[in-house]
Amino acid sequence: MATYYHRAIQDIKDNGFLSATTIITIALSILIVSAFALFFTNANDIMNYWGKGVRIMAYLKPDTSQKNFPDIKREIQGIYGVQDVNFISKEEAFKRLKEQMKRQSSILMNLNENPLPDAFEIRMTASSQGGEKVEEIATKIESLPSIEDVEYGQKWLERFTNIFDLFRLAGYAMGGIFFMAAVFIVANTIRLVIYTRREEIEIMRLVGASEKFIKSPFYIEGIIQGTLGGIIGIAALFITFKLISSSVEHSFKYELLNIRFLSPEFYCGIILCSMFVGWLGCYISLKQFLKA
Amino acid sequence: MIGGKDKSSIIQMFHVHKHYGSKKALIDITLNVSKNDFLFISGPSGAGKSTLLKLLYLGEPVSEGQVLVDGMNLSRISRKRIPPLRRKFGIIFQDYKLISTKTVFDNVALVLEASGKKKKFIEKKVKSVLRTVGIEQRINALPPSLSGGEQQRVAVARAVVGSPKIILADEPTGSLDSDSADIILNLLKGFHTHGGTVIVATHDKELIRKSGERILYLKQGRLLGPTPI
Ligand SMILES: Nc1ncnc2c1ncn2[C@@H]1O[C@H](COP(=O)(O)OP(=O)(O)OP(=O)(O)O)[C@@H](O)[C@H]1O
Ligand SMILES: [Mg+2]
């Protein structure tokens, strides 16, 4: 094992420029793909944050008797996906409105009657935050006899989600393309190394070296290149992230922009994937060019 | 001696033919080599001496006939068994086949590394073998910087270092003066005395005369027996 490792390191050193180019290419692929991933996790966070604010307001018909309120509330509560239901009386709503419009409260003063209806404010469970589900729940509530109208003005969120999904798909496609490109680059490097070592490989075979003995160093080499490329790519992303996020946090003290880096599981996964790229590139090359 | 069964056989060939395309390099060779034999194969250039040796370690596949080496039938052997077959041999190639980018030490050590020996052992063993062939002062040299004779000695060192059962030597003294040739011959004889089997392909009549061992002649791919016709 130690000799394999030694020979792999020797190969990388002997083909310094080639190895460096390979590692940098892998690093760039990883950087681009993981930058996409980083963008998506954060965009996803922001979407979820907004999604949490999605509420349905259900306005009661003005003639609804007060003693029916608990029944209506229970009925809404019974709908699948509803987390909690909060009664907002028209007095309460009026008070809130006045608070929101302090400066212009004189407008409200002139009203001799409260024009607002009684309402229920409904929050959804986490799993029912999506646009379609909200719409489904809203329709159910609207169909209740004592409800006059529902409001959940989040259609734009839904549209945004669709665009977002499209981007995500593009992200996966790009990830796939970069994966293949990286595999190809590693395969090509290993192929060139095999070519420069063909005399040696031929002689090793003649003196009875096993295929494992001959091939292992190439695999180690491929995996080292993949791993280094992965680590460098993630490190570059991390540095860029730190630079950008510190400047962003300085200029906006904004709750929404609580951006974060990829989770350790995720970037370790990416590095593992990069190791696999190294292995696979090597496998393809050896299959093709080192037939016994 | 052909087909002799007094000692147990280590190599047997039955009606072996070898052709390279339409070129017939070996024709109907039947031959038996017993354990601890010391055999010379001689004959003019192009007679098929190197080809015969190549068939034994599967450097070339047999075209027709059967070859048995130490109980292995080479026509039935799986790919995985080829390395163990080759490790039975220590081979001195006619063109040496040294790795030009590796030092003398590494070239010889390769055999032991390939059979999974410990580093300490390899270091000791390689140095001692290089001393025996008289090339220890060039231990860190690269083969292209060595003279033909020096390269040949490295090739001999590599052939013996792994303590093989059989040594195949293809013109092992081809580039050597007679004193150096004697060193190599004595080395092969020493290996033989310790129970090894040796096959030497050569047209060096001096070498054959000095050794006084069994000899087979090849001519145009045919085995002529112990005397040239
Ligand atoms: N790879 C090959 N392809 C085609 N023909 C070959 C090949 N190897 C050898 N031959 C031919 O087979 C014949 C025997 O070759 P071989 O090398 O066995 O001769 P040899 O007895 O070892 O000769 P020398 O004494 O010159 O080394 C020759 O005619 C040679 O041209
Ligand atoms: Mg020859």
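Helices here are DSSP runs of H or I with at least four residues, strands are runs of E with at least two, and both are numbered from the N terminus. Before you start clicking, note that this is a predicted model, in which local features need pLDDT of at least 70, side-chain atom pairs count only at pLDDT 80 or more, and totals for chains, interfaces and linings use all residues. Residues are numbered from 1 along each chain as its sequence is written, chains are lettered from A and ligands numbered from 1 in the order in which they are written, and side-chain values use heavy atoms, with hydrogens and water left out.

**Stop 1: chain A**

Select chain A and colour by secondary structure. You will find 10 helices and four strands. Walking from the N terminus, the order is α-α-β-α-β-α-α-β-α-β-α-α-α-α.

Next, colour chain A by domain, with bounds that come from an automatic or database domain assignment. Domain 1 covers 2-50 + 158-291, and domain 2 covers 55-152. The centres of these two domains of chain A, taken over C-alpha atoms, are separated by 52 Å.

Of the 292 residues in chain A, 39% are buried (under 20% relative accessible area, with a 1.4 Å probe and protein chains only). Contact means heavy atoms within 4.5 Å. Among contacts in chain A between residues at least 6 apart in sequence, 84% join residues at least 24 apart.

**Stop 2: α3 and α5 of chain B**

Now select residues 104-114 of chain B, helix α3, together with residues 148-161, helix α5. Their axes come within 8 Å and cross at roughly 20° (lines fitted to C-alpha atoms over the stretch in contact, with angles from 0 to 180 degrees between N-to-C directions). α3(B) and α5(B) are therefore roughly parallel to each other, a label for angles under 35 degrees.

Show side chains: Val104(B), Asn107(B), Val108(B), Val111(B) and Leu112(B) of α3(B) meet Val154(B), Ala157(B), Arg158(B) and Val161(B) of α5(B). By class, this contact has seven nonpolar, one polar and one charged residues (nonpolar: Ala, Val, Leu, Ile, Met, Phe, Trp, Tyr, Cys and Pro; charged: Asp, Glu, Lys and Arg; polar: the others, Gly among them).

**Stop 3: α4 and α5 of chain B**

Look here for Lys125(B), Val126(B), Val129(B) and Leu130(B) of α4(B), in contact with Ala157(B), Val160(B) and Val161(B) of α5(B). The contact of α4(B) with α5(B) has six nonpolar, no polar and one charged residues.

Note on methods
Parallel < 35°, antiparallel > 145°, perpendicular 65-115°, else oblique. Buried < 20%, exposed > 50% of the residue type's maximum accessible area, 1.4 Å probe, protein only.
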